[in-house]
Structure formats: C-alpha cells, structure tokens
Amino acid sequence: MIGRLNHVAIAVPELEAAMAQYRDALGATVSEPQSEPDHGVRVVFVTLPNTKIELLEPLGAESPIRGYLDKNPTGGIHHVCYEVDDIHAASERLTQQGARVLGDGEPKTGAHGKPVLFLHPKDFNGTLIELEQA
Ligand code: CO
C-alpha cells in the first residue's frame, strides 16, 4: 500500500542554524524558511535526489512539535512520511488492522496542500508516521 518515502521531518531548536548546516556542511539545496501558522511550524525544505528532508521549528505556543523539543532539546527525527494513492482507503485499512489514526481520523490538508493523516507512534515501533496522498 505505501509507496515512496515523501520526506523525513526533523524537529530543530533553531531553524536558521539547522538550515545553514544542511546548506554549508552537508552541501544540500535548502529552501527559504516558510511560516505555516496552521501547522504551528516554520519549515525549511531540503531537496535530495530521492526524497526531501523537512526541518521544523515550533511556531507559536500551540505548536505540535513543542512537546517533542521539550523532551529532545537538541532536536531529532520527528516523523517519516510515506505516500499512498488513496488516503481514505489507507485510513480504513489501517483502522481495520487496529492502528490508531490521530485526531478525528479524517485526513487533513498537509503542508503541501495534499491530504495527510498521522498514525499513532505506539502502534508503529515508536515512529510517528504521516501518510500523504500523492
Ligand atoms: Co510531514
């Protein structure tokens, strides 16, 4: 069911520093920072030949990654995103398999304007999984 790895998201305490590191030390192509108030993050996209890395910094008091950074102050891998063809079919299949879809179970519009949902990390080996309809 799952297809390509769409991105790996890394929560970072300081976006400009992380951005400079990916650009200057790792020699990657990085975007300018974008604020996404609806998602509570500022984000930089790192484009790699086979996937993307998203560097996420909390934006606002209600940011969903604030708690993660409180527990992991130097940052860390926050989630991985796999592509699916049909997000509703994926949700139904996963729910039938006993996996928990976060929130109300309905797909939301993600950072790229496409439908996404998140799966409970306790059901997937401690990994927060995002599914995006490609
Ligand atoms: Co993501």
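These legends describe close-up views of a predicted model. In this model, local features need pLDDT of at least 70 and side-chain atom pairs count only at pLDDT 80 or more, while totals for chains, interfaces and linings use all residues. Residues are numbered from 1 along each chain as its sequence is written, and side-chain values use heavy atoms, with hydrogens and water left out.

View 1. The histidine pair links distant parts of the chain: histidine 7 lies in strand 1 and histidine 79 in strand 6 (residues 76-84), 72 residues apart. Strands (E, at least two residues) and helices (H or I, at least four) are DSSP runs, numbered from the N terminus. Histidine 7 and histidine 79 are both buried. Buried means under 20% relative accessible area, exposed over 50%, and partly exposed in between (1.4 Å probe, protein chains only).

**View 2. Valine 8 in strand 1.** Valine 8 counts as buried because its relative accessibility is 15%. Not counting residues up to four places away in sequence, valine 8 touches Lys52, Ile53, Glu54, Ile77, His79 and Val80. Contact here means heavy atoms within 4.5 Å. From valine 8 to leucine 117, 109 residues along the chain, the C-alpha atoms are separated by 15 Å.

**View 3. Valine 12 in the loop between strand 1 (5-11) and helix 1 (15-25).** With 7% relative accessibility, valine 12 is buried. Beyond residues up to four places away in sequence, the contacts of valine 12 are Ala18, Leu55, Leu56, Glu57, Pro58 and Leu69. Glutamine 34 is 22 residues from valine 12 in sequence, and the C-alpha to C-alpha distance is 14 Å.

**View 4. Serine 91 in helix 3 (residues 87-96).** Serine 91 has a relative accessible area of 11% and is therefore buried. Leaving aside residues up to four places away in sequence, serine 91 touches Val101, Gly105 and Leu117.

**View 5. Asparagine 125 in the loop between strand 8 (115-119) and strand 9 (129-133).** Asparagine 125 is not a glycine, yet has a positive phi of about 60°. Most residues other than glycine have a negative phi. At a relative accessible area of 77%, asparagine 125 is exposed.
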